[in-house]
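Take a moment to turn the model around before reading on. We will start with the whole chain and then follow a few of its parts.

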Amino acid sequence: VGYGEISRKQHLPMIESLDMLELAAIVDPVLVNETGPSGKVNIYPNLEEAFLATNTTKEADGSIVVITCPPEFAQDYAAQALSSGSSVFMEKPPGFDCQRLTHLEDIARKLELTLFTGYHSAYSPQMNNAKAWISNHKPLQKILVTWNESIRRWHPNFEHSWIIDGKFGVLDILFNPMTMIDELLGAGSLSKFELDRNKSSLVIPKNWNGPISGATTLTSSGSQKCDIIANFTWDLPDNEQDVWAITFESYSGQKMELRDGGGTLFIDGVDVERGLACDIDILRPEYERLYHRFVELMNSKACEVRTSPLRVMLSIIESSKNIVGQHY
């Protein structure tokens, strides 16, 4: 559901590469007149028509709906899919409502279906190595996030897309490092951090509903304080290189840095492990891990729903100082 850039460059090639899955239909009300991949799969305006055309019923075992549409519609599609007997894979962001997301999980469990919030960054290549370093260098004193990219490079037609009208804006990409931090510190760990309102701001262009850039600080509770300090923008000049980096610093001053969205690992400034650079045209290895995890969950009729990154984003939206930016 949703036939945008990520669907075309990551999800569809991954589905086609796995013998365990077969693409039956695409749903996109905007692109319904387009032809699907290789001209073999039709695009439908809604789930009802897609289910009807593919004979997908509640009795059909193993049917899946992968939701990659804008977050405004994601939870409605998930509810409809679950009620129709399909398991659901939700690309991030999984909507705007944490309470409803938890309710959808309850529904999936009662129906013995799978609901999976597929945060791809949690499966980045260097995550296991990063976890090992953190386990040996706790407690952490500081986590620095720099997530800067050019929206014109990654979303060349953003003027006519969900981005300008969307609530999240640039926070869409901040989900990635926050999910990685949540995974590395232990699933749900972000719930232990509180937003520092005095150190959080968002720049919202005059013609946008959401932010294009911002900065935020989150502080953990407990005796040994840890700050997450994040700076992020979609307004990177086209001639500058994208930066997707997280630096973890221990109380003893040792540092571990993940770059390239988790593809490269540095320890105390030394390049220890190098993986793929971020490129939307490269089939990312984390998506293969995501789909294998999803199939594992389906086979055991289990759910995996992560709400902490969404709670953080909603807190940033609700409590940050808003700065009106120029028309963009």
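**From whole chain to single residue**

The protein chain carries 29 positive and 43 negative charges, and their mean positions lie 6 Å apart. Here Lys and Arg count as positive and Asp and Glu as negative, while His and the chain ends are not counted. Each charge is placed at NZ of Lys, CZ of Arg, CG of Asp or CD of Glu.

This is a predicted model: local features need pLDDT of at least 70, side-chain atom pairs count only at pLDDT 80 or more, and totals for chains, interfaces and linings use all residues. Residues are numbered from 1 along each chain as its sequence is written, and side-chain values use heavy atoms, leaving out hydrogens and water.

Now look at the overall form. The C-alpha atoms fill a box of roughly 60 × 45 × 35 Å along the principal axes. A compact globule of 328 residues would have a radius of gyration near 20 Å, and the protein chain agrees, with 20 Å. That radius is taken over C-alpha atoms, and the globule rule is 2.2 Å times the number of residues to the power 0.38. Of the 328 residues, 52% are buried. Buried means under 20% relative accessible area, with a 1.4 Å probe and protein chains only.

The chain forms 10 helices and 15 strands. Both are DSSP runs, numbered from the N terminus: helices are H or I with at least four residues, strands are E with at least two.

Go to helix α8, residues 171-185. In α8, 14 of the 15 residues are buried, so the helix is largely enclosed by the rest of the structure. G186 follows α8 and has a positive phi, near 115°.

In the loop between α8 and β7 (193-195) sits S189. Is S189 buried or exposed? S189 is buried, at a relative accessible area of 6%. Leaving aside residues up to four places away in sequence, S189 touches I181 and D182. A contact means heavy atoms within 4.5 Å.

Move on to helix α9, residues 285-299. From first C-alpha to last, α9 reaches 22 Å, close to the 21 Å expected. Its buried residues include Y287, L290, F294 and M298. The buried residues of α9 pack against helix α1 and strands β3, β4 and β5. Just after α9, K301 takes a positive phi of about 55°.

Notes. Buried < 20%, exposed > 50% of the residue type's maximum accessible area, 1.4 Å probe, protein only. Expected span 1.5 Å × (residues − 1).
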